[in-house]
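Subject: Structure for your files

Hello,

Here is the structure you were waiting for, with the sequence. My notes on it follow below.

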Amino acid sequence: MAVHPDPLFHPFHMKKINFRTDILPLKNQLYRLAQRITLDSAEAEDIVQETLIKIWNRRETWNEIENIEAFCFTICRNLSLDSIKRHGNQLASLDETQTERADTAQTPSEQTIHRDQLALVRQIVDNLPEKQRSCIQLRDFEGKSYKDIAQILEISEEQVKVNIFRGRQTIKQRFQEMENFGI
């Protein structure tokens with residue numbers, strides 16, 4: 001058996017990246033990130049398609065990429081930011097077509113209150129600064145680690161934590177203000 005010149009090389013360390021099994025499953029998460037940044041569901045769909053095309057076109061270099069998932073999210077985020085710059089960042093609310101599971105343990109009145117509160121939180125999140133919105137989306141909705149978020153957004157882990165903290169504080173404060181005024 002031939003010895004490889006690099007003593008740290010081991011053939012099992014080389015993970016072959018497969019578009020169908022490693023990248024396509026990220027499609028829904030990429031969509032939610034693009035939608036959270038652009039606040040436009042149709043634009044988010046276009047961005048995901050463009051992201052997947054860009055990733056596919058770079059397939060020759062996949063094995064050189066340390067974290068293919070973070071690479072995918074970074075491309076999606078950059079395309080989303082380019083889109084809002086191109087479209088003048090027209091603020092709209094998140095598309096309310098997202099399905100919510102009916103909770104049969106609640107009365108119709110409680111369900112309505114819960115739905116209204118959820119819509120209020122979405123509205124508050126939609127109006128956060130982009131970095132806070134992206135950090136919260138990736139952490140709270142996509143379950144990404146601070147390290148992954150830092151890599152995707154190209155900021156330090158400390159900046160990620162600060163953005164999440166500030167975003168959550170703003171959400172809590174605005175929610176309480178609106179609840180207190182009966183809005």
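Which helix gives the most residues to the negative patch? Helix 3 does, with three residues. Please keep in mind that this is a predicted model. The patch lies on the surface and gathers Asp 40, Glu 45, Asp 46, Glu 50 and Asp 82. Glu 50 is found in helix 3 and counts as partly exposed, at 35% relative accessibility.

Overall make-up

The protein has eight helices and zero strands. From the N terminus on, the elements run α-α-α-α-α-α-α-α. Of the 183 residues, 36% count as buried.

Salt bridges

The count comes to six salt bridges. Three of them are described here.

Asp 126 and Arg 36 meet through their side chains, at 3.0 Å from N to O. This pair links distant parts of the chain, with Asp 126 in helix 5 (residues 108-126) and Arg 36 in helix 2, 90 residues apart. Asp 126 has a relative accessible area of 2%, so this residue is buried. Arg 36 counts as buried too, at 5% relative accessibility.

Glu 69 forms a salt bridge with Lys 144, and the closest N and O atoms are 2.2 Å apart. Here again distant parts of the chain are linked: Glu 69 is in helix 4 (residues 68-86), while Lys 144 is in the loop between helix 6 (130-141) and helix 7, 75 residues apart. Glu 69 counts as partly exposed, because its relative accessibility is 27%. Lys 144, at 6% relative accessibility, counts as buried.

Arg 168 and Asp 140 also meet in a salt bridge, at 2.4 Å from N to O. Arg 168 belongs to helix 8 and Asp 140 to helix 6, and the two are 28 residues apart, so this pair too links distant parts of the chain. Arg 168 is partly exposed, with a relative accessible area of 37%, and Asp 140 counts as partly exposed at 38% relative accessibility.

Cysteines

How many disulfides does a search of the whole structure find? The search finds zero. The sulfur of Cys 72 has its closest cysteine sulfur in Cys 76, 9.2 Å away, which is too far for a bond, since a disulfide needs the two sulfur atoms within 2.5 Å. Cys 76 is likewise in no disulfide. Cys 72 counts as buried, at 0% relative accessibility. Cys 76 is buried as well, with a relative accessible area of 0%.

Backbone

Most residues other than glycine have a negative phi. Two residues are worth a look on this point.

Leu 39 is not a glycine, yet has a positive phi of about 60°. Its place is in the loop between helix 2 (27-38) and helix 3 (41-57). Is Leu 39 buried or exposed? Leu 39 counts as buried, because its relative accessibility is 5%, and the cut-off for buried is under 20%.

Glu 154 is the other one, with a positive phi near 60° in a residue other than glycine. Glu 154 sits in the loop between helix 7 (146-153) and helix 8 (157-180).

Regards

Methods:
Residues are numbered from 1 along each chain as its sequence is written. This is a predicted model: local features need pLDDT of at least 70, side-chain atom pairs count only at pLDDT 80 or more; totals for chains, interfaces and linings use all residues. Side-chain values use heavy atoms; hydrogens and water are left out. Helices (H or I, at least four residues) and strands (E, at least two) are DSSP runs, numbered from the N terminus. Buried means under 20% relative accessible area, exposed over 50%, partly exposed in between (1.4 Å probe, protein chains only). Patches are made of residues with over 30% relative accessible area and no salt bridge: like charges are joined within 9 Å, nonpolar side chains (Val, Leu, Ile, Met, Phe, Trp, Tyr) within 5 Å. Accessible areas come from the Shrake-Rupley method with a 1.4 Å probe; for residues, only the protein chains shown count as cover. A salt bridge is a side-chain nitrogen of Lys or Arg within 4 Å of a carboxyl oxygen of Asp or Glu. Lys and Arg count as positive and Asp and Glu as negative; His and the chain ends are not counted. The place of a charge is taken as NZ of Lys, CZ of Arg, CG of Asp or CD of Glu.
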